[in-house]
Amino acid sequence: MNVGIFSFAKRHNRAYEKCGSSIIRAKWMWENWPDAEEYVEGKKYDVVIFQKVWWPEMLKIHTGIKILDLCDPEWLQSRWPIVEIAHQVDAIVVSSKGLRDALQKIIPEKVCPIVWIDDRIDSKFAGDFKKKHSGNAKRVAWYGYRHNGNQAIPQVLPTLKRLGLELHIICENRLEFAGFENMVTYSEFNWNTLAYELMSCDIVLNPPVMSPYAQYKSLNKTYLAWAFGMPVAHNGDELRAFLTEESRIKEGERVSELVKKEYNTTKSVEEYKNLITKLCQKKGITLS
């Protein structure tokens, strides 16, 4: 089986470091999948996975198995004709339950199966990094895109101030919040230094974003922090539960093991392989 993964980053000529979805759902996939590689123009593939890419001409050219991989509701945000696209591909793979449920309401199974394959973390990225927790929590981290931070962070600042916690923001652009300057620090997001930035803190915050698109998001930020043994607080109750050294050590051990077993990229690769096998059986295709 020969699999080419056509990433969003490649399609738009962007650096992978600027495209988180292309790292998680393309680069990490082919790096853990011996039969897969980054798509090469002019090369014939048994399977092409279009990672957040809609390119009608390319869909027509490729004669093998075609899979659209979505991590955002592009039919709402970018106005993709998703029903039309569904008739042109063999399956649509999505990164969250919210995306799957929404698409299953508008695309019949007989037209195109909608399959949820979660965002997962490459164990090589986490490597041997693991947070060593000590003492009561003093500093928490939030990381992500600026537009999400502007919505998520203001709601937690009063709680952090009451608890006497500092906030470290890791973002592509500086975020500032009037009245909280003395408790907030900032650094620019960089995949190469993310582990150090997160582990300089005690807890990672991942509160819900107040957006109509929030229901479609995966918990990849949570899984990534977990890979480093970092407790993640999604609300005030969880934040308060992780203030002590003992609670953070216990949670760090739990989530590290959970990532190894359930949220490792190798599991996504196996799920993709199983899907491709089913699609080939359905079309009567035999792959070596």
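Entry 1. I began with what covers the buried residues of helix H14. The cover includes strand E1 (3–6), helix H2 (20–31), strand E3 (47–51), strand E4 (65–70), strand E5 (91–94) and strand E6 (114–116). I'm keeping in mind that this is a predicted model.

Entry 2. Which residues of H14 are buried? I found Thr265, Ser268, Val269, Tyr272, Leu275, Ile276, Leu279 and Cys280. They fit into an arc of only 135° around the axis, so they sit on the same side of H14. A reminder to myself: an α-helix has 3.6 residues a turn, so residues three or four places apart point the same way. On the face turned away from the buried side of H14, I noted the exposed residues Lys278 and Gln281.

Entry 3. After H14 comes glycine 284, with a positive phi near 70°.

Entry 4. Next I looked up tryptophan 33. Leaving out residues up to four places away in sequence, I get contacts with Met1, Val3, Ile49, Val269, Tyr272, Lys273 and Ile276. Val269, Tyr272 and Ile276 were already on my list of buried H14 residues. Trp33 also belongs to the largest nonpolar core, which has 51 residues; Val3, Trp33 and Ile67 touch the most other members. There is a second, separate core of 25 residues, and I spotted Tyr45, Val53, Leu70 and Leu103 among them. In general, nonpolar side chains tend to be buried together in soluble globular proteins.

Entry 5. Ile67 sent me to E4. Is this strand enclosed or open? Six of its six residues are buried, so E4 is largely enclosed by the rest of the structure. Ile65, Ile67 and Asp69 point one way from E4, while Lys66, Leu68 and Leu70 point the other way. I did note that a lysine and an aspartate are on that buried list.

Entry 6. What are the neighbours of E4? E3 runs parallel to E4, joined to it by five bridges, and isoleucine 49 has isoleucine 67 as its bridge partner in E4. To get from E3 to E4 the chain goes through helix H3 (residues 56–61), a right-handed β-α-β crossover. E5 also pairs with E4 in the parallel sense, over four bridges. There, alanine 91 stands opposite isoleucine 67.

Definitions and conventions
Residues numbered from 1 in each chain as written. Predicted model: local features only at pLDDT ≥ 70, side-chain atom pairs only at ≥ 80, totals over all residues. Heavy atoms only, no water. Core = buried A, V, L, I, M, F, W, Y, C linked by side-chain atoms within 4.5 Å. Buried < 20%, exposed > 50% of the residue type's maximum accessible area, 1.4 Å probe, protein only. Contact = heavy atoms within 4.5 Å. Helix = DSSP H or I, 4+ residues; strand = E, 2+ residues; numbered from the N terminus. Arc of directions from axis to C-beta. Pairing = 2+ DSSP bridges. Right-handed = clockwise from strand over helix to strand, strands pointing away.
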